[in-house]
Amino acid sequence: METAQIASVPSNPLQWLEYLHSKLLRQRPAHTRYSDYYDGDHQKLVFAQARHRNEFGHIFDKWRDNFCGLIIDSVNERLAIDGFRMTDEPEADKDARDIWQRNFMDAEANAGHLDAMVQGTAYVVVWADSNGRPTITLESAENVVVQYKPGSRREIEAAAKFYTDDWGRQWSTVWFANRVYTFQAGTLGWATPTGTKSAKNPLGEVPVVPLNNRTRLVGDPISDLATVIPLQDAINKIVSDALLASEYAAWPQRYVTGLEIVEDDAGNPVEPFKIAVDKLLQAEDPNAKFGQFEAADLGNYVKLSEMLVQHMASTSRIPFHYFLNNGGAAPSGESITAAEAGLIAKTRERMLHFGEAWERVMRLCFKVMKDKRAEAWGAEIIWRDPENRTESQHMDALLKLKMIGVPTDQLLSDAGYTPQQITRFKSMREADAKAAMELAQKYPAPTQQGNEEAGKPDSDAQKAAVKQPQGNSGNAARKAVNPVKG
């Protein structure tokens, strides 16, 4: 296997560098566009005519009505990794968790999921630090690009990262199966004799793992905003039109006909009336007629924008009440569970795709450590439950699961406790049991032998406590007075 990987290394890394750089430049505009829409930096008045944009575009230069952030964040806030199971042991792998925590991945993984859903993909680079411990770094698709082997959708032939340091110098790192090259851009391109370094790749494979949002069998990974952006542009257009209508046509316009137009010395028409609440319009000319145009109905804009928001909710599988599209009243009880069914299914789908990438990342980390868990193909990710439920509903469901035999550790995991907390619970339970045993030894319960040694009073008290039933006393008295003859 290693021989095949070494043989696949190209003879001219510089050609690979130039090819990967051109590929990154082709993909970067789309990634940048998705990032801008997530941040609320939209195109202005996309569906408006050029004259309309030129006239009113400056008015809406800083105006935003951004739903793209909501669509991404609604899923990302439910994606949290609690641990890993690298072997068949039911407990979480402590070494994997230590690697995860040492690389600050609780926060970094959240950023990786965010960028992957926004841009379609993000990248994870695994390497070793100066002490030989594995390091994990998250990279944006705007800076990293990969090339798969011909005919493969998973095996990476080469990967490159392009970045600029604080001094403005451009650098690039190119990974192959057995070599790693570092290039510095010069005035005439990347080929500078003093700016190229090479080192052996001890892993024997490209240490870059794509964190793909979701993929099809053909084509690049898909951003969650790909189908949402046209709807976002349409909503911006409708709302901007409503704002303009509220300025120019939201109140009745009066008109007068048959009135002679008076001009000033410069030939400009003079306004014939000063309109006010306490003013009365009148004209001496009997042919003059007054009238009024009705104000624009802004409700039509509201209905159209609500329809577009409904389309956006259906397309993105985000519950309607997240958009406050029902008068601002959020559903409650079982209606929330039904409304969020699509969102939960979407979140679990992201867990499926991201989970495969994180499993590969952890196998690479153990490969850096030369640990046998580098071949742990049965590894799995411990995800936090993405469903939000009331505490009483959740506990009731867990108690019912306990009745059918689900182990306590699994119930605690389903309750939302992390593997570290579950491990501490075991120590706490042992401490509670030990304390109970010590109390029982220190304060023993009274025994039957102690009552016998106390003597007769206790026995008499016990006899006195035994009373004859009271219900038949009347019958006994009657029999004594009128005995029954045989």
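Which residue in S7 is the bridge partner of Trp 171? In S7, that partner is Gln 184. This is a predicted model, in which local features need pLDDT of at least 70 and side-chain atom pairs count only at pLDDT 80 or more, whereas totals for chains, interfaces and linings use all residues. Residues are numbered from 1 along each chain as its sequence is written, and side-chain values use heavy atoms, with hydrogens and water left out.

**View 1. The pairing of strand S6 with strand S7.** Strand S6 (residues 170–175) and strand S7 (residues 179–184) run antiparallel and are joined by 5 bridges; two strands pair if DSSP finds at least two bridges between them. Strands (E, at least two residues) and helices (H or I, at least four) are DSSP runs, numbered from the N terminus.

View 2. The 5 strands follow the order S4-S5-S6-S7-S8 with antiparallel pairing. Strand S4 (144–148) and strand S8 (196–200) are the edge strands, each pairing on one side only. Helix H2 (residues 13–39) lies across S4, S5, S6 and S7, running at about 115° to S4 (axes are lines fitted to C-alpha atoms, for helices over the stretch in contact, and angles run from 0 to 180 degrees between N-to-C directions; contact means heavy atoms within 4.5 Å).

**View 3. Helices at the second largest pocket.** Helix H5 (94–102), helix H12 (408–414) and helix H13 (419–442) each supply at least two residues of the lining of this pocket, and the largest share, 5 residues, comes from H13.
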